[in-house]
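Please keep the sequence and the structure to hand while reading.

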Amino acid sequence: TSFTTNLTGTPVDGDTLRISVTGSGAVALTWGTSFEASTVALPTTTVTTARLDVGFFWDAATTKWRCMAVA
């Protein structure tokens, strides 16, 4: 699953984004240059068929979606 292309919209500082992924097994995730880790690392794979939720805030200073939560 790739999050590197076809991103649209114009986020502003503090906007939120939640991405949920449910795999059919362990699925590798590729984050593009519009995403960055904070004190929370960007996940690299899903775990079996469990749903993975990743929460982001838009950081206008870096112009990237900053990972704030992984569950």
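The side chains of Arg 51 and Asp 53 meet in a salt bridge, with N to O at 3.0 Å; a salt bridge here is a side-chain nitrogen of Lys or Arg within 4 Å of a carboxyl oxygen of Asp or Glu. The model is predicted, so local features need pLDDT of at least 70 and side-chain atom pairs count only at pLDDT 80 or more, while totals for chains, interfaces and linings use all residues. Residues are numbered from 1 along each chain as its sequence is written, and side-chain values use heavy atoms, with hydrogens and water left out.

**Salt bridges**

- Side chains of opposite charge can pair when their charged atoms come close.
- A search of the whole structure finds three salt bridges.
- In the pair of Arg 51 and Asp 53, Asp 53 is partly exposed at a relative accessible area of 21%, and Arg 51 is partly exposed at 48%. Buried means under 20% relative accessible area, exposed means over 50%, and partly exposed lies in between (1.4 Å probe, protein chains only).
- Another salt bridge joins the side chains of Glu 36 and Arg 66, again given as 3.0 Å from N to O. Glu 36 belongs to strand E4 and Arg 66 to strand E6, so this pair ties together parts that are 30 residues apart in sequence.
- Glu 36 counts as buried, at 14% relative accessibility, whereas Arg 66 is partly exposed, at 29%.
- Arg 66 also forms a salt bridge with Asp 59, the closest N and O atoms being 3.0 Å apart. Salt bridges that share partners join Glu 36, Asp 59 and Arg 66 into one network.

- Asp 59 lies in strand E5, which spans residues 51-59. Strands (E, at least two residues) and helices (H or I, at least four residues) are DSSP runs numbered from the N terminus.
- Asp 59 is buried, with a relative accessible area of 15%.
- A polar atom of the Asp 59 side chain lies 2.9 Å from the backbone nitrogen of Ala 61.
- The side chains of Asp 59 and Arg 66 are joined by a polar contact of 3.0 Å. A polar contact is a pair of N or O atoms within 3.5 Å; within protein, one must be able to donate a hydrogen and the other to accept it, and residues adjacent in sequence count only if both atoms are side-chain atoms.
- Neighbours within four places in sequence aside, Asp 59 is in contact (heavy atoms within 4.5 Å) with Asp 13, Glu 36, Lys 64 and Arg 66.

**Surroundings of Lys 64**

- Lys 64 is placed in strand E6 and counts as partly exposed, at 25% relative accessibility.
- A polar atom of the Lys 64 side chain lies 2.8 Å from the backbone oxygen of Thr 33. The C-alpha atoms of Lys 64 and Thr 33 are separated by 7.6 Å, although the two are 31 residues apart along the chain.
- With residues up to four places away in sequence not counted, the residues that Lys 64 touches include Phe 35, Glu 36, Trp 58 and Asp 59.

**The sheet**

- Four strands form an open sheet in the order E2-E5-E6-E4, with mixed pairing. Strand E2 (16-22) and strand E4 (35-36) stand at the edges with a single partner strand each, so one side of each is left without a neighbour in the sheet.
- E2 and E5 pair in the antiparallel sense over seven bridges, with Arg 18 opposite Gly 55 in E5. Two strands pair if DSSP finds at least two bridges between them.
- E5 and E6 run antiparallel and are joined by six bridges; Trp 58 has Trp 65 as its bridge partner in E6.
- E5 and E6 form a hairpin with four residues between them, and Thr 63 in the turn has a positive phi of about 50°.
- E4 pairs with strand E6 (residues 64-70) in the parallel sense over two bridges, and Phe 35 stands opposite Trp 65.

**The chain as a whole**

- The protein chain has zero helices and six strands.
- Of its 71 residues, 30% count as buried.
- The C-alpha atoms fill a box of roughly 35 × 25 × 15 Å along the principal axes.
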